[in-house]
Amino acid sequence: MKKSPLEWVQSFIKRWEFVLFLILVFEFIAFGAKNHKFLIPTVLFSSINDIISICIISLFVTFVMITGGIDIQAGAIVGLTSIITGVVWQDAGVNIWIACLIAIFAAALCGALSGYFIAYCGVQPMVVTLGGSFLYSGLALLVSKLSATESYKGISGFPESFAQIAKFKLFDVIPSQLIIFFILIVVAYGLLHKTKYGRKVFLVGVNAHAAEYSGINSRLVILSTYMLSGVSAAIAGIVLTSYLGTAKSDIGATFTLPIITAVVLGGTLSTGGKGSIIGTALAALVIGILRFGLPLCFKINTQYLDIPVGLLLLVVVISRSLAGNQKVIRFFRGVSPMRKKSL
Amino acid sequence: MNSVKNLFKIRELTSFLFLIVLFLLVGSVNASFLSPTSLLNCFNDSVVFTLLASGIAFVIFTGEIDVSIGATLGLSAAVSSSMLRDGSNWGAAVLAGLLTGILVGVINGFGVSILGIPSLIFTLGTNGLIRGMIYVYTNGAWVENLPSAFTKLSKMKLVGNLTVFYTFVIVLIILAHFILTRTHKGKYFIAVGDNAAGAALVGIPVVKTKMISYILCGVFAAAAGIIYSSRIGFITPTAGNGYEMKAIAACVLGGISLTGGLGSLIGASIGAVIMSSVSRILVFLGFSSDYDNTITGVLLIAIVVIDAVSQNHAAVKNRHTRLAARTAVGEAGKGGDQD
């Protein structure tokens with residue numbers, strides 16, 4: 001059934017994405033009113049460099065969380081791909097683009113390994129990816145030792161064509177990172193909301209047994225989501241390496257918590273079965289703009305930025321829980337009086 | 001019931017045996033590792049992780065998680081060591097540090113057990129908040145120049161080479177272990193984690209138990225922070241960064257199930273010893289400490305995968321035995337396998 005534009009707007013207003021959109025608009029108004037520099041496109045777009053990795057990875061970690069899993073190894077894979085690209089290019093003398101492909105392949109392999117343990121051995125996703133975050137960041141450090149360059153310096157001096165990934169600007173305004181982000185949003189949106197594969201991901205998250213009985217290879221679906229998030233971490237790693245101009249083994253170390261924050265803020269249920277790409281993308285932008293705008297417009301020390309991001313997450317989850325609580329309370333009053341006693 | 005009890009014992013025993021095998025293997029390569037001083041140092045150095053892991057174990061028993069303990073450690077360390085630096089009373093400084101931990105625990109417990117927000121998400125939020133508070137409190141500067149009497153405390157030996165801190169922690173954990181396994185209220189933690197709905201039905205206060213577990217976790221993390229400041233002697237704003245993941249890993253190594261309801265504090269402290277010994281073991285094996293994270297990751301994944309596979313195998317085998325027994329009696333048609 002096709003919806004008319006008006007109906008579409010009405011249904012959109014009721015959705016979580018609309019709230020995120022309002023928060024984003026509010027941020028723009030507040031920051032823009034305080035400091036007009038904020039709204040200058042070149043200034044605004046320059047902020048994308050700091051948040052692009054989190055934006056890209058959170059899109060695909062959404063897949064993982066919809067299946068009811070969690071991925072805390074993506075940050076480690078970012079560092080691993082960065083250093084693999086650097087070492088394969090500099091010390092093995094391979095073409096930079098082939099080095100990127102090798103890095104992406106390695107990341108997919110890392111994702112597949114963790115995914116295999118989760119899907120086929122039945123280990124909790126949190127534990128495996130926790131181990132994965134140690135393992136892959138450790139491997140990244142070992143790979144960096146293969147290089148002639150000392151690891152704390154990082155590998156630099158990449159060819160100009162590779163540096164163009166982050167430098168290129170469409171119409172001299174829109175940075176290529178933004179274009180990559182939009183392409184990936186379209187890819188992820190199409191994959192999750194428009195294909196059979198996406199429906200399978202949702203069904204596995206709602207009820208893995210039901211999915212299995214309806215002929216879906218739920219294990220393979222779960223494994224594939226970890227591969228997807230691994231590949232997205234590789235893309236983020238390559239873009240970040242191109243922007244920084246150096247390949248280092250630890251550039252993704254602090255990404256884990258912002259990524260999960262973005263996915264959760266985007267409305268994905270941590271228990272699985274619910275979530276949307278647009279929500280995640282908007283939430284990643286909300287966090288990114290907040291981290292960029294507060295120091296620029298309100299002179300807040302960048303070291304304090306964990307506070308507003310943490311507060312935002314807490315306020316959002318608490319208010320969502322309270323908003324949904326009326327139903328929960330009524331439900332529990334009807335079903336069992338025990339609930340009140342246990343409080 | 002007996003078999004369940006045995007399972008608990010076996011899980012601890014496995015990690016303990018693993019620890020012994022690990023130590024013997026390292027000892028066979030480099031015999032000086034097995035000298036009493038060296039072995040005791042493995043235990044002494046694990047004191048911060050032992051406290052952190054046993055603290056978070058309470059929360060994990062109830063089936064929840066707390067990723068804010070690293071930040072809690074940093075904040076309480078900053079609070080109490082800055083008070084010590086400014087010449088305040090030791091008792092007051094320690095108390096202030098512990099109160100910080102209690103406060104964090106109350107906030108986490110409120111969000112998770114009363115508001116019912118998924119624990120990973122809520123503690124992720126408080127983690128950011130607390131980490132930021134450390135910067136606000138210290139202005140981003142290091143807390144240095146602690147009184148030397150305080151830093152010397154960490155080097156004080158009691159019996160043989162055992163430090164006072166580790167002895168204190170071990171006594172505390174053994175005491176807590178007996179409370180958890182021998183008293184009614186102590187068993188609530190495991191019961192809630194095993195089956196929250198069932199626990200509520202038999203009259204166990206689920207919300208209160210979870211609340212207490214978070215407060216205990218906060219206090220343990222705060223105590224770890226105070227010991228940390230005595231051992232290190234200065235506090236940076238990033239103190240304890242990533243310790244939450246290592247504490248969770250220690251719990252897993254110690255045979256605690258992250259889904260709750262399974263494991264023991266003794267297991268957590270054994271896991272903490274394994275966890276913190278990795279870099280020491282590497283030195284004795286002649287590897288550089290660059291292998292630290294790789295080995296930790298491999299250990300963690302190997303242990304949980306072996307555990308999961310063997311449990312699945314046992315479950316399948318049990319089901320087959322039951323099915324075979326039922327078919328033999330001729331009840332196979334009655335309702336199928338209820339497993």
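Trainee: What's the relative accessible area of B:Leu17?

Mentor: It is 47%, so B:Leu17 is partly exposed (buried is under 20%, exposed over 50%, partly exposed in between, with a 1.4 Å probe and protein chains only). This is a predicted model, where local features need pLDDT of at least 70 and side-chain atom pairs pLDDT 80 or more, while totals for chains, interfaces and linings use all residues. Residues are numbered from 1 along each chain, chains are lettered from A and ligands numbered from 1 as written, and side-chain values use heavy atoms, without hydrogens or water.

Trainee: Which helix has B:Leu17?

Mentor: Helix 1 of chain B, residues 2-29 (a DSSP run of H or I, at least four residues, numbered from the N terminus).

Trainee: New topic. How many aromatic pairs over all chains?

Mentor: The count is 12 (ring centres of Phe, Tyr or Trp, its six-membered ring, within 6.5 Å; planes under 30 degrees apart are stacked, over 60 edge-to-face, the rest tilted). One of them joins B:Phe43 and B:Tyr166 edge-to-face, at 6.2 Å centre to centre and 65 degrees between the planes.

Trainee: Where do B:Phe43 and B:Tyr166 lie?

Mentor: B:Phe43 is in helix 2 (residues 36-45) of chain B and B:Tyr166 in helix 8 (residues 164-182), so the pair ties together parts 123 residues apart in sequence. B:Phe43 is partly exposed at 26%; B:Tyr166 is buried at 5%.

Trainee: And what do B:Tyr228 and B:Tyr243 form?

Mentor: An edge-to-face pair, 6.0 Å centre to centre with 80 degrees between the planes. B:Tyr228 belongs to helix 11 (residues 206-232) of chain B and B:Tyr243 to helix 12 (residues 243-253), so parts 15 residues apart in sequence are tied together. B:Tyr228 is buried, at 11% relative accessibility.

Trainee: Which residues do ring pairs link into a cluster in chain A?

Mentor: A:Tyr116, A:Phe117 and A:Tyr120.

Methods
Helices (H or I, at least four residues) and strands (E, at least two) are DSSP runs, numbered from the N terminus.
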